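Trainee: I am new to this structure, could you walk me through it?
Mentor: Gladly, let us take a look together.

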Amino acid sequence: MTAAPLPHVTVIGIGADGWSVLPEASRTRLCGATVLLGGRRHLAMVPHVDGQVRHAWPSPMANLPDLLAAHPEDDVVALASGDPYLSGVATTLRRHLGDRLTVVPAVSSVALARARMGWAAEETEVITLVGRAPDVVRRELAPGRRLLVLSSDETTPATVAATLAEEGCGASRLTVLGDLGAPEESRVAGTAAEVARWGRHLPRLHVLAIEVAGAGRSSWAPGLADDRFDHDGQLTKRDVRASALARLAPRPGELLWDVGAGAGSVAIEWLRAHRTCRAVAVEDRPERACRIRHNAGRLGVPSLEVVRGRAPAALTDLPAPDAVFVGGGATEPGLLDRCRDALAPGGRLVVHGVTLETEQLLVAAYASHGGELTRLAVEQAAPIGERFTGWQPARAVTQWAWHKPTVLGGER
């Protein structure tokens, strides 16, 4: 079936200060368009043009291709806030239009917010909560960090303030920068504890600036303390988890399968390594799947996808991974072969086992395919009686780590 022809679209960024400050070239382009797209607020900023057809963005945006296809030969211009590629509609349009897209940015709300706060770009992290769970803020918290949050609405500051307090950062200073660039621009600031009491009496359109204070509990290094995870005992413990992640080697944009995920600790730490990392946790037991989602939110990576089911059957429709961790169920017939086959060239597989049966399987896999076979034995100091201290061993873990060859014949 042939895809419907689509128009070329020019997206013009417009600030809260509106039509009057747009460059002359942008105004001429807007007035000359036969079709004008945009949010209702943006469309209202542009003077009436005789004969010009105007459409507000469809709801849901899944209907956008139909709207574009209705104007294949028209001169189409779209309006967007500030920089259209900054959590804006240009990214969505690019997926549909490819090279049939031109973007003319204006000053972004982020640039205005940095100017108002006096913060350098290289010292500031930008987080968007538009269409995303507020828990993503948790990953970014560390003393002294400067964060700019693109808020969803007027309730965002109170939600973020409560999150900061939970993470031990209640002394952080929050500044709500409302309607940046508009005549009614506003600014209000306070600690997280104060902001939590402000309720909804804030401008809907704003950027939230955060100066993080307090000890915080976050670290991006692998091996978070075991008590950061809610679990029923099925948890890849801290030291062996750090070893597994070192071999899984998370990289920006890559996808991990965490098979037999238990508490989801490996997938969660994979996601914390970089905000563009992706992960799927595969877990058969419903109470554990629920626990994984809870842990992911509390640790700032609510994007973790949880798939209920038993591997290898549950892996059938998943996107191809860059790395696979098998923390449980390795003896399921065909599971390791399925994981090895799914990996792209250069992909990484790490499997843990604590039973003799799993260890025998991993020894055989090492003999057949090479890689790295390691036995991890961890002991921790613990009281013996009332006066003494001794070593308390945990179960030894056999770890098989394997890289898929990048060229044929490169195995071992």
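Trainee: Which side chain meets Arg-241 in a salt bridge?
Mentor: Keep in mind that this is a predicted model. The two partners lie in distant parts of the chain, 28 residues apart, with Arg-241 in helix H8 and the other residue in helix H9. The N to O distance is 2.6 Å, and the partner of Arg-241 is Glu-269.

Trainee: Is Glu-269 buried or exposed?
Mentor: Buried means under 20% relative accessible area. Glu-269 has a value of 5%, so Glu-269 is buried.

Trainee: How far apart are the closest N and O atoms of Arg-204 and Glu-154?
Mentor: Arg-204 sits in the loop between helix H7 and strand S10, and Glu-154 in the loop between strand S7 and helix H6, so their pairing ties together parts 50 residues apart in sequence. Arg-204 is exposed at 53% relative accessible area, while Glu-154 is buried at 16%. The two form a salt bridge, and their closest N and O atoms are apart by 3.1 Å.

Trainee: How many salt bridges does the structure hold?
Mentor: Another of them joins Asp-230 and Arg-291, with the closest N and O atoms 3.9 Å apart. Some share partners, and one network joins Glu-125, Arg-139, Glu-140, Arg-145 and Arg-275. The number of salt bridges in the structure is 26.

Trainee: Which residues make the nonpolar surface patch of about 220 Å²?
Mentor: One member lies in helix H12, namely Val-363. Val-363 is partly exposed, with a relative accessible area of 39%. The patch is made by Val-363, Tyr-366 and Leu-373.

Methods:
Residues numbered from 1 in each chain as written. Predicted model: local features only at pLDDT ≥ 70, side-chain atom pairs only at ≥ 80, totals over all residues. Heavy atoms only, no water. Patch = residues over 30% accessible without salt bridge, like charges linked within 9 Å, V, L, I, M, F, W, Y side chains within 5 Å. Areas by Shrake-Rupley, 256 points an atom, 1.4 Å probe, with all protein chains shown as cover. Salt bridge = Lys/Arg side-chain N within 4 Å of Asp/Glu carboxyl O. Helix = DSSP H or I, 4+ residues; strand = E, 2+ residues; numbered from the N terminus. Buried < 20%, exposed > 50% of the residue type's maximum accessible area, 1.4 Å probe, protein only.
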